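Visitor: I'm new to this one. Can you walk me through it, step by step?
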Amino acid sequence: MIRTDSLAVIESIIATAPLTVRRMVRWGECDPAGVVFTSRFSDYVISAAELFYGSLFDTTPQRAKHEQGFGTPSRALSFDFIDSLRPDDVFDTVVTVESVNRRTFVLDITGRKPDGGTIFVAKLTPVCVARSERRSIDIPADFRALLIDYQASCEQAGVRTDQNPKEQS
């Protein structure tokens, strides 16, 4: 794992196709043994998803979804943990779109070491809801188009979501 001795930004977007977020683990995210709490990985994934939405809409994600009248609460979230993280570790989360369904879509969010080794693979399935009613709705046409265009751009760049993470470590 790459460690840094300098003060750094905790989280920043370093690439947009695919969206890649570089993050440094903070001491407070770890247990007394110096390993990131399992629950913090959910925060990493949700944060990467929010930055992904912001990148798609070219504005803040909540503003964009509010203006379009929908929200994206999580319907499902799963993890495959391959490696651990410790304070000051730097890692990247790479966001790809695995599938776009009628009311849900699946984001593949993979945590990687700077050398490319896999730390975790998460599958996040948001469901689109009408903000005012909190009922599920079809993915809005503009958002669907953005998701499909992003998925195609990642595929054209040779980025796949169907690789076995244990083979990448």
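Visitor: How many disulfides are there?
Guide: The count is 0 disulfides, where a disulfide is a pair of cysteine sulfur atoms within 2.5 Å. Keep in mind that this is a predicted model, where local features need pLDDT of at least 70, side-chain atom pairs count only at pLDDT 80 or more, and totals for chains, interfaces and linings use all residues. Residues are numbered from 1 along each chain as its sequence is written, and side-chain values use heavy atoms, with hydrogens and water left out.

Visitor: Is cysteine 128 buried or exposed?
Guide: Cysteine 128 is buried, at 0% relative accessible area. Buried means under 20%, exposed over 50%, and partly exposed in between (1.4 Å probe, protein chains only).

Visitor: And cysteine 154? Buried or exposed?
Guide: Cysteine 154 is buried, at 2%.

Visitor: New topic. What is the strand order in the sheet?
Guide: The order is β1-β2-β5-β6-β7-β4, in an open sheet of 6 strands with antiparallel pairing. Strands (E, at least two residues) and helices (H or I, at least four) are DSSP runs, numbered from the N terminus. Two strands pair if DSSP finds at least two bridges between them.

Visitor: Which strands are at the edges?
Guide: β1 (11-16) and β4 (74-81) are the edge strands, and each pairs on one side only. Neighbouring strands are turned by 20° against each other on average, direction ignored.

Visitor: What holds paired strands together, in general?
Guide: Strands of a sheet pair through backbone hydrogen bonds.

Visitor: How many bridges join β4 and β7?
Guide: There are 7 bridges between β4 and β7 (residues 118-126), in the antiparallel sense. Serine 78 has lysine 123 in β7 as its bridge partner.

Visitor: Which strands does helix α1 lie across?
Guide: Helix α1 (residues 38-57) lies across β1, β2 (19-24), β4, β5 (90-100), β6 (105-112) and β7. The helix α1 runs at about 140° to β2. Axes are lines fitted to C-alpha atoms, for helices over the stretch in contact, and angles run from 0 to 180 degrees between N-to-C directions.

Visitor: Where does helix α3 pack?
Guide: Helix α3 (residues 141-156) packs on the sheet, touching β1, β2, β5 and β6. Contact means heavy atoms within 4.5 Å.

Visitor: Zoom in on β5. Why does aspartate 92 count as buried?
Guide: Aspartate 92 is in strand β5. Aspartate 92 counts as buried because its relative accessibility is 9%.

Visitor: Which side chain does aspartate 92 make a polar contact with?
Guide: The side chain of arginine 22, at 2.7 Å. A polar contact is a pair of N or O atoms within 3.5 Å; within protein, one must be able to donate a hydrogen and the other to accept it, and residues adjacent in sequence count only if both atoms are side-chain atoms.
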